[in-house]
Structure formats: C-alpha cells, structure tokens
Amino acid sequence: MSMPDFMQLAFLEAKKGVEAGDGGPFGAVIVKNAEVIASAHNEVLKRNDPTAHAEMLAIREASQKLGMFWLEECELYTTGEPCPMCFSAIHWAKIKKVYYCNTKEEAASIGFDDAFITEIIQNKKPDPIPFVHRQTLECKTLLKLWDEKEDKTPY
C-alpha cells in the first residue's frame with residue numbers, strides 16, 4: 001500500500017463515523033513498515049467523550065497492538081490537521097511523520113474551531129478555566145517516590 005491508499009483508508013474511516021453519527025468528519029490510520037496497525041474515526045458523540053478524536057483512538061489502539069507507548073517507527077494519516085490535544089499526543093507517542101488533508105481553517109469553517117485553545121496556550125488570550133496551584137507536602141513525596149524508584153521505566 002502507498003500513501004494515497006493509507007489516506008483513502010483514513011477518509012473511509014471518517015465517512016463511516018459521520019454516517020453512523022459517531023462524531024465529526026475525522027478519520028486516522030497508523031502505519032508501521034507499510035502495514036496498517038490501527039484505524040479509527042471520531043467517536044466523541046458515540047462515547048460522550050471529548051477526547052475520543054480519531055487520532056487519539058488510533059494512537060491508543062496502535063499502542064495496545066504493538067505493546068509499546070512509543071510509536072517512533074509509525075506514521076499517522078489523518079483527514080484533518082490535528083487539534084492541540086492530538087498534536088500533543090502525537091508528540092508524546094513520538095510518531096515519526098504525520099500526513100493530513102483538511103486544514104484547521106477548513107475544519108473551523110464547519111464549526112470545528114480549536115484556535116482559542118492555541119491562543120490560550122500561547123498566552124494570547126486569557127484562560128476562562130481557573131487553574132489553581134495548591135502545594136502540599138504529600139504531593140511532593142510523589143515526585144520523590146518516582147525519582148527514587150529503582151525499577152522505573154522512563155518515558
């Protein structure tokens with residue numbers, strides 16, 4: 001299979017999700033060594049889960065199938081430019097390359113606008129959600145517990 005084939009699979013996933021009423025028009029496929037490892041479509045409505053984006057679900061599935069949390073040998077094919085959440089997950093998973101079709105601006109034109117999140121992250125806009133720092137000694141011990149753990153797996 002080739003890049004157009006993988007993108008076609010992502011398109012078909014997105015279409016399937018829209019037709020089923022599962023969520024927005026987004027599909028994703030994760031590929032390793034020219035083999036499809038995982039595919040998913042947006043299931044925000046189906047699962048009542050705001051994190052059930054196609055990319056997130058595909059990353060979860062690929063990680064489970066491969067038995068690893070780093071996907072550095074994988075590529076992601078997705079029908080939409082990743083939102084800030086998916087962008088972060090892609091980086092946490094260390095995916096080596098991302099191919100996408102529709103841009104954020106195109107998605108925003110049909111109601112999927114995530115620009116406000118980027119503006120909050122970049123401190124261009126005040127955050128409407130208060131984040132309150134509460135320092136406790138108990139929580140500090142968690143950092144020490146991890147730091148001193150002999151058999152930890154760094155990630």
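Student: How far apart are the closest N and O atoms in the salt bridge that Lys 125 forms with Glu 119?
Tutor: This is a predicted model, where local features need pLDDT of at least 70, side-chain atom pairs count only at pLDDT 80 or more, and totals for chains, interfaces and linings use all residues. Residues are numbered from 1 along each chain as its sequence is written, and side-chain values use heavy atoms, with hydrogens and water left out. A salt bridge is a side-chain nitrogen of Lys or Arg within 4 Å of a carboxyl oxygen of Asp or Glu. For Lys 125 and Glu 119, the closest N and O atoms are apart by 3.3 Å.

Student: By about how much of the helix are Glu 13 and Lys 16 separated?
Tutor: Their side chains meet in a salt bridge (3.3 Å, N to O). Helices (H or I, at least four residues) and strands (E, at least two) are DSSP runs, numbered from the N terminus. Because Glu 13 and Lys 16 are three residues apart in α1 (residues 3–20), their separation is about one helical turn.

Student: Which residue follows α3?
Tutor: Helix α3 covers residues 54–66 and has 13 residues. The residue that follows α3 has a positive phi, near 70 degrees. That residue is Gly 67.

Notes:
Expected span 1.5 Å × (residues − 1).
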